[in-house]
Structures are given as structure tokens and as C-alpha cells.
Amino acid sequence: MPGRTRDRLAEYADTWSSRSIRAWEEGWWEMPIAVGNLIGRIIGAGAGEVVMLPNVSIAQSIVNSCFEWNSKRNRIVTDALNFPTNLYLFHALERLGAEVCIVPSEDGMTVPLDRMLAAIDERTRLVSASHVIFKSAFVQDMATIAKRAHEMGALIVADLYQSAGAVPLNVREMDVDFATGGSVKWLCGGPGAGYLYVRRDLWPRLEPKMTGWIAHQRPFAFEAEEMDYAADAFRFLNGTPSIPALYAARSGYEIINEIGVERIREKSLRQTQRLMDLADEAGFKVNTPRKAEERGGTVTLDVPNGHEIVKELLRRDILVDFRPGAGIRVAPHFYTSDEELDVVIREIQGLLASSRVGA
Ligand SMILES: Cc1ncc(COP(=O)(O)O)c(C=O)c1O
């Protein structure tokens with residue numbers, strides 16, 4: 001947690017207690033966009049183009065609800081390494097007529113670009129891919145996938161959860177139509193602060209079925225007739241925003257903007273290389289691409305009893321996590337020292353050698 005976050009949460013409590021309902025007019029109403037602007041600077045979106053939502057599952061549901069799924073163009077093309085929340089949502093759309101095409105991964109780590117491109121055809125409505133894959137940190141070529149999607153008349157949504165804040169990116173250069181993400185990872189923003197970017201020229205044609213009164217052009221008229229969507233990005237919101245989560249999230253985005261993602265990436269590439277070198281020396285299997293341009297900020301170490309080892313590392317205050325079928329994810333960020341990398345490898349070695357984790 002960034003040091004400033006405690007002050008921001010105190011500010012929230014002070015505002016609530018001193019301003020009460022007046023706080024809505026004095027800033028809270030605009031917060032989903034004002035905070036979204038801080039993310040916009042990190043992902044290359046313009047002012048007013050990113051809205052804050054509680055999480056990716058909701059952001060992706062809003063995107064899905066913009067389309068009809070019982071038409072000829074009813075295909076969703078994605079890959080087997082997409083984050084499960086997205087896959088669950090796509091399979092749920094099968095009940096509404098969608099056809100889900102999942103491109104397999106041959107090695108459990110990467111997705112073959114040629115197969116992804118070949119899967120996108122004139123029946124494809126939506127393409128969904130993670131910029132960086134959560135299990136392996138493999139970087140997908142979003143610009144090439146987006147180009148193919150557009151050639152076929154489809155739209156593309158990028159999940160930036162594992163890249164934003166660690167890998168330089170620009171939604172306009174990638175030419176994606178939608179982007180989603182959250183703040184529990186590299187953005188240091190904590191839970192409850194997901195985001196959605198939608199390409200501005202699409203706004204007039206998109207009317208999400210997953211909606212609410214805040215997305216109305218005149219919310220305070222409380223009209224009981226049909227929905228009249230706001231002309232700006234408010235049209236992608238729904239109900240009352242999670243204001244405390246937005247207070248908590250802001251400092252992380254500010255800090256990432258202050259440091260700059262280019263500098264974060266430079267240090268990250270050096271440290272992930274160092275981790276892989278240390279892992280090689282220790283004889284650990286690495287489930288992360290070796291090429292710098294193909295890997296994000298995480299190194300996944302596939303060692304026996306990974307789950308048990310992670311539990312013990314957490315008990316020792318070494319903060320890593322475990323993903324089944326992939327291994328132990330070690331994710332150095334701008335605040336991680338080289339010594340800490342040595343320690344994590346040494347501790348895993350020690351645990352593997354001892355009987356503590358039943359190796
Ligand atoms: C790629 C990706 N998408 C989505 C999520 C989380 O989804 P949600 O914000 O709905 O919890 C994660 C969490 O780690 C993720 O790695």
C-alpha cells in the first residue's frame with residue numbers, strides 16, 4: 001500500500017463526515033472519470049475516456065452487453081490463457097446465442113499468434129485477449145490482433161490487468177476498441193477499482209444493456225421512460241460508484257505516473273532477467289518467455305510443491321503467489337531490491353531441500 005493511501009482514506013472519512021451528501025456535488029459525482037483520467041495517462045487514453053468500475057468482471061459484462069448475440073455475427077474469439085472471469089462471461093453468452101471460439105495454447109505459456117489471427121473471421125463480433133497473460137507473463141501482439149479483428153469487421157477488447165503500470169502501452173497505438181483492467185496488481189491501487197476504456201468514436205453506437213441511472217443523460221430528472229444514454233463516458237457507468245475504493249486507488253496511479261512506466265519497465269526487465277538467471281543456476285523450471293519483448297513483469301517458477309512453498313514464503317513475509325498449472329509468480333516492482341530477488345530464490349531452494357514442505 002502506498003504511504004499516501006492512508007491519508008487519502010482519512011480524507012474520504014473526513015469528507016463524508018463533514019460534507020455528507022454535499023460531497024457528491026463537490027467531487028464524488030465526477031470521481032469515476034477524474035480517477036479514470038489518471039489511468040488514462042498510463043494507458044494512452046485521452047481525458048474523459050476511462051471510467052472507473054468495481055472490477056474487470058463488471059467492465060467486461062458491460063462490454064458484452066453492448067451487442068446482440070443471436071445474429072449471424074455471433075462469434076467471440078479468445079484464447080485458453082485468458083483470465084477465467086472473461087471466459088466464464090463468454091460461456092454465459094452462449095445461452096444468448098454466442099459462439100465461443102477458444103484458441104488453445106500448446107505449451108500452457110504462450111498463445112500462437114497465427115492461430116489467433118486465423119480464428120478471427122467474418123462471423124466474429126468480438127475478440128478478447130490479455131495484453132500480458134496472467135499465468136506466464138507472455139506479451140501478446142495486440143496491435144496485430146486488433147488489425148485482423150478490424151479487417152474482419154470485429155471489435156477487440158484488451159485486458160490490461162497484467163500490463164498497465166509495468167509494460168509501456170498505448171491503447172490508441174494498439175488500436176483496441178475496449179480495454180479493461182484493475183488495480184490490485186502493478187497499479188498499487190487496491191481492490192474495488194477496475195476500469196474501462198472505450199474508443200471515443202464508438203460511444204454513440206454503444207448502448208450497454210448492463211446499465212443504470214448514472215448512465216442516463218439526465219440522471220436527476222429520474223425519468224421513468226426508456227433509457228437515454230449520456231453522450232459522454234458516463235454512458236458506460238451504472239449505479240452509485242464505489243467512492244472509498246477510488247480514494248484508495250488514486251495514490252497508486254499518481255505514483256506510477258510520477259515514476260513513468262518506461263523507467264519501471266527498464267528496471268523490471270533487468271530484474272526479471274536476474275531472477276531467471278538465478279532460477280537457472282538453482283535448476284528451477286521457468287514458465288515465462290525468455291525474450292525481453294515477450295515477457296511482462298512476472299517470472300513464474302515451476303517447482304515441486306509450489307503451492308505449499310508459497311504458503312511458507314508468505315508466512316516468512318516473502319510476498320509471492322501461486323497459480324495452478326504455472327507455478328510460483330514472482331513480481332518485482334519499482335520498489336523491489338536486487339537483494340530481495342536473491343532472498344526469494346534462496347528461500348525456495350532451502351524449502352525444497354528441507355522436508356518442511358514434504359518435497
Ligand atoms: C488478466 C486479469 N483479468 C482480470 C483479473 C481480475 O478480475 P476482477 O477485476 O473481475 O477481479 C485479473 C486478476 O488477477 C487478471 O489477472
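Select Asp177 and Arg199 to begin the tour: both residues are buried. They form a salt bridge in which the closest N and O atoms are 2.3 Å apart. This pair links distant parts of the chain, for Asp177 sits in the loop between helix H8 (171-174) and strand E6 (178-181), whereas Arg199 sits in the loop between E7 and H9, 22 residues apart. Please keep in mind throughout that the model on the screen is predicted.

**Further salt bridges**

The structure holds 29 salt bridges. Select Lys209 and Glu68 next, whose side chains meet in a salt bridge with an N to O distance of 3.3 Å. Here too the pair links distant parts of the chain: Lys209 belongs to the loop between E7 and H9, Glu68 belongs to the loop between H4 and strand E2 (75-79), and the two are 141 residues apart. Is Glu68 buried or partly exposed? Glu68 counts as partly exposed because its relative accessibility is 45%, and a residue counts as buried under 20% and as exposed over 50%.

Move on to Lys291 and Glu294, which form a salt bridge with the closest N and O atoms 3.9 Å apart. Lys291 is partly exposed at 48% relative accessibility, and Glu294 is partly exposed with a relative accessible area of 28%. Then select Arg4, Arg8, Glu11, Arg250, Glu254 and Glu258 together; salt bridges that share partners join these residues into one network.

**Helix H4 and its surroundings**

Display residues 56-64, which make up helix H4, and residues 84-93, which make up helix H5. The two helices pack at an angle of about 35°, and their axes are 10 Å apart. H4 passes H5 in a right-handed crossing. To view the contact itself, show the side chains of Val56, Ser57, Gln60, Ser61 and Asn64 in H4, which meet Thr85, Asn86, Leu89, Phe90 and Leu93 in H5.

Why is H4 described as largely enclosed by the rest of the structure? The reason is that 7 of its 9 residues are buried. In H4, the buried residues are Val56, Ala59, Gln60, Ser61, Ile62, Val63 and Asn64. Their cover includes strand E1 (50-53), H5, strand E4 (124-130), strand E5 (155-159), E6 and E7.

**The loop between E7 and H9**

Select Asn238, which is placed in the loop between E7 and H9. Asn238 is buried, because its relative accessible area is 17% and the cut-off for a buried residue is under 20%. Beyond its neighbours within four places in sequence, Asn238 is in contact with Leu53, Ile58, Ile62, Thr211, Gly212, Trp213, Ile214 and Ala215.

Now select Phe220, in the loop between strand E7 (194-198) and helix H9 (243-259). Phe220 is exposed, with a relative accessible area of 55%.

The last stop is Tyr253, in helix H9. Which residues does Tyr253 contact, leaving aside its neighbours within four places in sequence? They are Val35, Leu38, Ile39, Ile42, Met52, Ser183, Leu187, Gly189 and Ala193. Tyr253 is buried, with a relative accessible area of 0%. Finally, select Met174 as well: its C-alpha atom is separated from that of Tyr253 by 21 Å, and the two residues are 79 residues apart along the chain.

Technical notes:
Residues are numbered from 1 along each chain as its sequence is written. This is a predicted model: local features need pLDDT of at least 70, side-chain atom pairs count only at pLDDT 80 or more; totals for chains, interfaces and linings use all residues. Side-chain values use heavy atoms; hydrogens and water are left out. Helices (H or I, at least four residues) and strands (E, at least two) are DSSP runs, numbered from the N terminus. Buried means under 20% relative accessible area, exposed over 50%, partly exposed in between (1.4 Å probe, protein chains only). Axes are lines fitted to C-alpha atoms, for helices over the stretch in contact, and angles run from 0 to 180 degrees between N-to-C directions. A crossing is left-handed if the near helix is turned anticlockwise from the far one by less than a right angle, and right-handed if clockwise. Contact means heavy atoms within 4.5 Å. A salt bridge is a side-chain nitrogen of Lys or Arg within 4 Å of a carboxyl oxygen of Asp or Glu.
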